[in-house]
Amino acid sequence: MLIDTHTHYDEERFDPDRREIIQKAHDEGVSHMVNVSNCMESTLISVRLSDEYDFIHAAIGLHPYFADEMNDANFSILKDLANHRKVVAIGEIGLDYHYMPHPKKVQQACFARQMELALELGFPVMIHDREAHQDVFDMMVRYRVKEVGGVLHSYSGSVEMARRYLDLGFYLSIAGPVTYLNARRILDVVRFAPSDRLLVETDCPDLSPEPFRGTRNDSTRLRLIVARIAEIKGLGFDAVSAATTANAKRLLRIP
Ligand code: NI
């Protein structure tokens, strides 16, 4: 049994075969999937998917790419949707200084407001951090999200930064890049992090693990990531699977 804690089945790339691929993954042992939102439209679709499938939960929020969608009207829509019984987290939220889709100030304002929402409602946060390591960390401390906890999605930082997030009580989520042939830093992170603080995700349709790198990803490939973590940590597949599943259930309060 595995939990894919970060999927984007709302994306158009799944239009041709969404139902088939979701069902196939579930049949192959992915007991739960969390569909994570990035804009207002995907937030609505994530909640709808969670209505359609027992085993899909939703995270709602605005990704830094869509930080310009944050305004009072959308904020209150997000707040209302958070009452939905299948919403388990606020995400994905954070900062992206790699693509810099909006000025830093706009991204930071959107991030701040959603951390306040998470705190007010008691939801864990799912964090996107692309080349904004220090600012993301500093804002998370300033907005006290330690109180609600959360996860660094597709963690790509250093061991030193991982140590600081673990000290804050956060989880690190491991995605396809851990399988890449040129992976280095993430291997050290996986060795360093205790099994009871790791989650696994595909981030599908992106970040396909090897040997599928560059093709459309889906949750049937989650086991490749788990297998690689098991190899790196010198543990069995079942041990990593059991630990990451228990961690996801604990953080996201999935029964
Ligand atoms: Ni994502």
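Two strands pair if DSSP finds at least two bridges between them. The model discussed here is predicted.

Q: What makes β1 and β2 a pair of strands?
A: The cut-off is at least two bridges. Strand β1 (residues 2-7) is joined to β2 by 4 bridges, so the two strands pair. They run parallel.

Q: Why is strand β2 (residues 30-36) called largely enclosed?
A: Buried means under 20% relative accessible area. In β2, 7 of the 7 residues are buried, so the rest of the structure largely encloses this strand.

Q: How do you know whether Cys39 and Cys204 are buried or exposed?
A: Set each value against the 20% cut-off. Cys39 has 10% relative accessibility, so it counts as buried. Cys204 has 0%, so Cys204 counts as buried too.

Q: What describes the packing of helix α4 (residues 104-121) and helix α5 (residues 133-142)?
A: Their axes are 11 Å apart, at an angle of about 35 degrees. The crossing is right-handed. Gln108, Phe111, Ala112 and Met115 in α4 meet Asp135, Val136, Met139 and Met140 in α5. These contact residues divide into 6 nonpolar, 1 polar and 1 charged.

Definitions and conventions
Residues numbered from 1 in each chain as written. Predicted model: local features only at pLDDT ≥ 70, side-chain atom pairs only at ≥ 80, totals over all residues. Heavy atoms only, no water. Buried < 20%, exposed > 50% of the residue type's maximum accessible area, 1.4 Å probe, protein only. Axes fitted to C-alpha atoms, helices over the stretch in contact; angles between N-to-C directions. Left-handed = near helix turned anticlockwise from the far one by under 90°. Contact = heavy atoms within 4.5 Å. Nonpolar A, V, L, I, M, F, W, Y, C, P; charged D, E, K, R; others polar.
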